[in-house]
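Hello,

Here is the structure I promised to pass on. Please open it first, then read my notes below.

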Amino acid sequence: MLIAILAYWSTIEPSHDRVLRADVAHMPRAYINGDKVLITNFRNFEYRSVDDFISRYEEREVDLSHLVSVDFYVSYWTSGPVAHTCVNFNFDNAPPVSVSIEARFEAHEHYDPIASLFKRCKLIYVVGDEFDIVRVRTNFRNEEVYRYPIHISSEATRLRSTDLTRCLKPNKSLPGYGAMFPCAFSPR
């Protein structure tokens, strides 16, 4: 029986051909030209409440030579050790760029840690404005959010951002699954 379940599980394929929730409907892309990075489908929503928002996707260009620091955010949406994380890339000539790996739910789906073990959670990089990615958690979801500045050299900061932009290149468009439950644990 276990072999049959594992065989079935291994055949489940992720797909982009679904009706997705508006907040994860568009996949960001990064186009790199030297130190300049053009990000398309950059999320910049205007929230009135958790479920009431103006959906806005933009193009945003940043210059990696102006990257000055990185912040790591941990957001607790419930008591206990389960949390969500995101990263801010801070520039001296542009607003921060926030990056969050999130579950890409269909319009009718919701978070379920057990179901996520069975390839239910498709994942997406959400790249957007700090007032979207972080503020929705602090001001509208009432989550406990903690900011941790990362103290690394400018060169190491730039290398990490370059790694990220490679993940967002147009040829990285294959859908993927994630087990939300095991990777969501964070020490408090």
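Start with the pairing of strands β6 (residues 67-76) and β7 (residues 84-91): they run antiparallel and are joined by 8 bridges. Ser75 has His84 of β7 as its bridge partner. Keep in mind that this is a predicted model.

β6 also pairs with strand β10 (residues 144-150). That pairing is antiparallel too, with 7 bridges. β6 itself is mostly covered, with 7 of its 10 residues buried.

Now the salt bridges. The whole structure has 11 of them.

Asp63 and Lys36 form one, with their closest N and O atoms 3.2 Å apart. Asp63 sits in strand β5 (residues 57-63) and Lys36 in strand β2 (residues 36-43). The two residues are 27 apart in the chain. Asp63 is buried, at 12% relative accessibility. Lys36 is partly exposed, at 38%.

Arg60 and Asp129 form another, at 3.6 Å from N to O. Arg60 belongs to β5 and Asp129 to strand β9 (residues 123-129), so this pair ties together parts 69 residues apart in sequence. Arg60 is buried, with a relative accessible area of 15%. Asp129 is buried as well, at 9%.

Glu143 and Arg141 also meet in a salt bridge, at 3.9 Å from N to O. Glu143 counts as buried at 14% relative accessibility, whereas Arg141 is partly exposed at 30%.

One last point concerns a network. Salt bridges with shared partners connect Glu46, Arg56, Glu58, Arg60 and Asp129.

Best wishes

Note on methods: Residues are numbered from 1 along each chain as its sequence is written. This is a predicted model: local features need pLDDT of at least 70, side-chain atom pairs count only at pLDDT 80 or more; totals for chains, interfaces and linings use all residues. Side-chain values use heavy atoms; hydrogens and water are left out. Buried means under 20% relative accessible area, exposed over 50%, partly exposed in between (1.4 Å probe, protein chains only). Helices (H or I, at least four residues) and strands (E, at least two) are DSSP runs, numbered from the N terminus. Two strands pair if DSSP finds at least two bridges between them. A salt bridge is a side-chain nitrogen of Lys or Arg within 4 Å of a carboxyl oxygen of Asp or Glu.
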